[in-house]
Amino acid sequence: MDIQKELIAEYDRETANTRKILEAIPADADFSWKPHDKSMAFGRLAAHVSDTNGDWAMHTVTRDRLDWTPDMNPTDPTNPKDLLARFEKQVAETKPALAAMTPEKWDSNWKFVAGDQTWIDDTKYNVWRTWVVNHLIHHRAQLGVYLRLLGQKLPGTYGPSADEM
């Protein structure tokens with residue numbers, strides 16, 4: 001099996017699924033809405049999903065270490081059009097970087113540090129699996145719940161949704 005080929009194919013599939021859920025956000029969505037006081041705002045969650053598929057994936061394959069500071073948080077889009085534009089730009093930048101990965105690079109170490117705390121210290125492959133792909137799927141599903149709570153139809157991801165049948 002060509003693991004690199006499989007990782008690229010998986011990224012392409014998950015990117016298509018992410019695009020579908022982001023496209024399901026209505027133009028008049030209230031990006032400040034929260035289903036609960038402890039929940040992320042709708043726009044923050046949508047941006048996090050987009051950025052996990054884009055910038056977070058890019059940082060994973062192009063850097064060995066990410067030193068996070070609060071000023072690194074991007075400004076959240078305020079509407080679906082801007083959100084999708086940012087998503088498409090980040091994905092376009094990530095795809096060639098992912099294609100350039102080698103087995104040696106996948107085995108190299110990657111760290112995520114915030115101040116004096118190390119949050120992630122693992123191989124790039126494990127970071128990709130856990131903190132890019134799995135994390136993306138988790139928050140994308142959460143975004144689907146938000147959309148459902150707002151009365152929106154959901155697109156299918158791994159087959160048709162109840163709204164498509």
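Lys38 is exposed, with a relative accessible area of 78%, where exposed means over 50% relative accessible area, buried under 20% and partly exposed in between (1.4 Å probe, protein chains only). The structure is a predicted model, in which local features need pLDDT of at least 70 and side-chain atom pairs count only at pLDDT 80 or more, whereas totals for chains, interfaces and linings use all residues. Residues are numbered from 1 along each chain as its sequence is written, and side-chain values use heavy atoms, with hydrogens and water left out.

Lys38 is found in the loop between H1 and H2, helices (H or I, at least four residues) and strands (E, at least two) being DSSP runs numbered from the N terminus. Lys34 is found in the loop between helix H1 (3-23) and helix H2 (42-62), and with a relative accessible area of 41% Lys34 is partly exposed. Leaving out residues up to four places away in sequence, Lys34 touches Ser39, Met40 and Ala41, a contact being defined by heavy atoms within 4.5 Å. The side chain of Lys34 also reaches the backbone oxygen of Ser39 at 3.5 Å; such a polar contact is a pair of N or O atoms within 3.5 Å, of which, within protein, one must be able to donate a hydrogen and the other to accept it, and residues adjacent in sequence count only if both atoms are side-chain atoms. Between the C-alpha atoms of Lys34 and Arg129, which are 95 residues apart along the chain, the separation is 28 Å.

The strands form an open sheet of three, in the order S1-S2-S3 and with mixed pairing, two strands being paired if DSSP finds at least two bridges between them. Its edges are strand S1 (65-68) and strand S3 (117-123), each of which pairs on one side only. On average, and with direction ignored, neighbouring strands of this sheet are turned by 10° against each other. Strand S2 (residues 109-114) and S3 run antiparallel and are joined by six bridges, and Val113 has Thr118 in S3 as its bridge partner. H2 packs on the sheet, where H2 touches S1, S2 and S3, and the direction of H2 makes about 125° with that of S2; axes are lines fitted to C-alpha atoms, for helices over the stretch in contact, and angles run from 0 to 180 degrees between N-to-C directions. Helix H5 (residues 124-149) likewise packs on the sheet, touching S2 and S3, with its direction at about 110° to that of S3.

The largest nonpolar core holds 36 residues, of which Ile25, Phe42, Trp128 and Leu143 touch the most other members; a nonpolar core is a set of buried Ala, Val, Leu, Ile, Met, Phe, Trp, Tyr and Cys residues joined through side-chain atoms within 4.5 Å. Two or more residues of this core come from each of H1, H2, helix H3 (80-99), S2 and H5. Trp128 counts as buried, at 0% relative accessibility, and its contacts beyond four places in sequence include Leu7, Tyr11, Ala57 and Trp106.

Nine aromatic pairs were counted, with rings of Phe, Tyr and Trp (its six-membered ring) pairing if their centres lie within 6.5 Å, and planes under 30 degrees apart counting as stacked, over 60 as edge-to-face and the rest as tilted. Tyr11 and Trp128 form a tilted pair, at 5.7 Å centre to centre and with 45° between the planes. Because Tyr11 lies in helix H1 and Trp128 in helix H5, this pair ties together parts that are 117 residues apart in sequence. Tyr11 is buried, with a relative accessible area of 3%. The pair of Trp33 and Tyr146 is edge-to-face, because the ring centres are 5.6 Å apart and the planes stand at 90°. Trp33 lies in the loop between H1 and H2 and Tyr146 in helix H5, so this pair ties together parts that are 113 residues apart in sequence. Trp33 counts as partly exposed at 24% relative accessibility, whereas Tyr146 is buried, with a relative accessible area of 3%. One aromatic cluster is formed by Tyr11, Trp106, Tyr125 and Trp128.

Thr15 lies in helix H1 and is buried, with a relative accessible area of 4%. A polar atom of the Thr15 side chain lies 2.7 Å from the backbone oxygen of Tyr11, and the side chain of Thr15 makes a polar contact with that of Asn53 (3.0 Å).
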